[in-house]
Amino acid sequence: MMKFRYVVVLAFVLLFKNVNAQADCILGVGVTSDSIISDIFQLNEMQKKQLELLSTDVKLLNEALNDNLVEVKSKHPQSNVTELRQLADKYKVVMDSMVNVQKVMDKKMLALFNSNQYKLYLSLCKDALRSAYIVTPAVYADSISNKNR
């Protein structure tokens with residue numbers, strides 16, 4: 001009986017851990033084709049222009065970070081375990097920076113979404129079992145019904 005309780009408790013702990021360990025639901029600005037994002041979320045002209053600018057920014061920042069990775073790898077000694085760990089730590093810092101760039105740009109783009117576009121994003125994230133970024137959707141004059149004016 002004690003083994004059964006142990007197995008049940010362990011199963012719940014593992015299930016809870018998996019539920020809390022959901023990955024971020026990235027929009028993919030700069031990684032996913034602008035036309036795909038534009039088509040899926042039916043972006044207006046202003047949003048398309050902003051997406052283009054943000055995509056360019058992501059690509060430029062990631063290019064600089066990639067150059068940094070190449071430099072770190074080529075210049076850092078790798079002759080023993082300690083040096084390899086130091087290299088791994090430096091590599092992780094740059095990779096974390098890339099993740100942060102993506103997160104910031106995605107949030108900037110999501111903040112330009114209207115409520116319907118943002119609801120679609122939330123729905124897609126839920127379907128993919130990903131954690132959505134929380135932003136306040138924009139309100140556009142053409143989105144407000146005549147009753148509310």
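This is a predicted model: local features need pLDDT of at least 70, side-chain atom pairs count only at pLDDT 80 or more; totals for chains, interfaces and linings use all residues.
1. Let's start with Ser38, which sits in helix 2. Ser38 comes out as buried because its relative accessible area is 9%, under the 20% cut-off. Setting aside neighbours within four places in sequence, its contacts are Leu43, Lys48 and Leu51.

2. Staying in helix 2, have a look at Ile40. Is Ile40 buried or partly exposed? Its relative accessibility is 44%, so Ile40 counts as partly exposed. Ser38, by contrast, is buried, and both residues belong to helix 2.

3. Ile40 also turns up in a nonpolar patch on the surface, together with Ile36, Leu120 and Leu124. The four have about 310 Å² of accessible area together. Helix 2 supplies at least two residues of the patch, and so does helix 5.

4. Now the inside. The largest nonpolar core has 25 residues. Which residues have the most contacts inside it? They are Leu27, Val29, Met109, Phe113 and Tyr121. At least two core residues come from each of helix 2 (34-41), helix 3 (45-75), helix 4 (81-110) and helix 5 (115-127). Helix 4 gives the most, with six residues.

5. Not counting residues up to four places away in sequence, Phe113 touches Leu27, Phe41, Leu43, Gln47, Tyr118, Tyr121, Pro137, Ala138 and Tyr140. Two of those partners, Leu27 and Tyr121, are on the list of residues with the most contacts inside the core. Leu43 links back to point 1, as it is also in contact with Ser38.

6. Last, the cysteines. How many disulfides does a search of the whole structure find? It finds one, formed by Cys25 and Cys125, with their sulfur atoms 2.0 Å apart. The pair links distant parts of the chain, 100 residues apart: Cys25 is in the loop between helix 1 (2-20) and helix 2, while Cys125 is in helix 5. The torsion about the S-S bond is about -85 degrees, so the disulfide is left-handed.

7. Are the two cysteines buried or exposed? Cys25 is buried, with a relative accessible area of 9%. Cys125 is buried as well, at 1%.

Terms used. Residues are numbered from 1 along each chain as its sequence is written. Side-chain values use heavy atoms; hydrogens and water are left out. A nonpolar core is a set of buried Ala, Val, Leu, Ile, Met, Phe, Trp, Tyr and Cys residues joined through side-chain atoms within 4.5 Å. Buried means under 20% relative accessible area, exposed over 50%, partly exposed in between (1.4 Å probe, protein chains only). Helices (H or I, at least four residues) and strands (E, at least two) are DSSP runs, numbered from the N terminus. Contact means heavy atoms within 4.5 Å. Patches are made of residues with over 30% relative accessible area and no salt bridge: like charges are joined within 9 Å, nonpolar side chains (Val, Leu, Ile, Met, Phe, Trp, Tyr) within 5 Å. Accessible areas come from the Shrake-Rupley method with a 1.4 Å probe; for residues, only the protein chains shown count as cover. A salt bridge is a side-chain nitrogen of Lys or Arg within 4 Å of a carboxyl oxygen of Asp or Glu. A disulfide is a pair of cysteine sulfur atoms within 2.5 Å.
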